[in-house]
Amino acid sequence: MGSNRHFVVIISGKRKSGKDYISSKLLACLGPNKCAILPLSGPLKKQYAKDHNLDFDRLLDATEYKEHYRQDMIRWGEEKRNQDPGYFCRLATDGEGSEKDIWIISDARRLSDVVYFRDKYKEDVITIRVEADLSVRQQRGLVFTEGIDDAESECGLDNGCNWDIVIYNNNNQEELEDSISKILKRIPSSS
């Protein structure tokens with residue numbers, strides 16, 4: 001792949017489904033020299049922190065600090081997306097790691113995210129849905145929060161998207177490795 005052409009791996013799933021874990025596994029297989037994880041939430045959180053005078057680094061971790069601001073951050077992000085559906089997609093792909101040939105979008109949450117990348121990168125896109133049983137997600141620390149877990153940011157891709165690959169991430173390592181292999185076979189120059 002040339003420096004102006006990118007292959008995009010779009011990953012979606014609910015909170016605590018294992019999106020970041022799958023993204024990290026793919027990065028480890030593909031190598032950081034040609035691949036980068038580009039979360040859409042990073043630019044959103046960075047701009048939100050700037051606009052609201054908050055600690056950006058603390059918004060990136062899985063602490064109560066982030067959870068305290070989550071609902072307002074979702075509301076704010078929706079306002080930005082309503083004005084410009086591709087806003088956060090462009091921010092993510094203009095930043096650090098955007099020079100890599102393979103981009104892993106680790107947290108697509110809305111159909112507009114998928115549409116943006118499919119429209120722009122056409123056949124150089126693969127979509128992956130990470131599913132995990134509710135009981136498994138709860139074991140990983142999920143506590144259902146009304147207004148968050150039933151909002152578009154968590155449910156926007158439950159329907160209406162034809163996924164190229166669906167991964168069932170229910171702590172079965174063999175099944176997970178099989179799924180990772182299927183994804184790698186679909187990515188140019190990764191095998």
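Helix α4 gives the most residues, seven, to the lining of the largest pocket. The model is predicted, so that local features need pLDDT of at least 70 and side-chain atom pairs count only at pLDDT 80 or more, while totals for chains, interfaces and linings use all residues. Residues are numbered from 1 along each chain as its sequence is written, and side-chain values use heavy atoms, without hydrogens and water.

**Largest pocket**

- The volume of the largest pocket is about 990 Å³, a volume being the space filled by probe spheres set on grid points joined across faces, edges and corners.
- Among its 33 lining residues, Arg15, Lys45, Lys66, Arg70 and Arg109 are the closest to the pocket centre.
- Two or more lining residues come from each of α1 (19-30), α2 (41-52), α4 (64-83), β3 (102-108) and α8 (152-155).
- The lining comprises 16 charged, 10 nonpolar and seven polar residues.

**Second largest pocket**

- The second largest pocket holds about 320 Å³ of space.
- Its lining includes Ile37, Leu38, Pro39, Phe56, Leu91 and Glu96.
- Both α2 and α5 (87-94) give two or more residues to this lining, and α2 gives the most, with three.
- By class, seven lining residues are nonpolar, three polar and two charged.

**Terms**

- A pocket is an open set of points on a 1 Å grid over the protein atoms alone, where a 1.4 Å probe fits, with protein on both sides within 12 Å along at least five of seven lines; lining residues have an atom within 4 Å of a point.
- Helices (H or I, at least four residues) and strands (E, at least two) are DSSP runs numbered from the N terminus.
- Ala, Val, Leu, Ile, Met, Phe, Trp, Tyr, Cys and Pro count as nonpolar, Asp, Glu, Lys and Arg as charged, and the others, including Gly, as polar.
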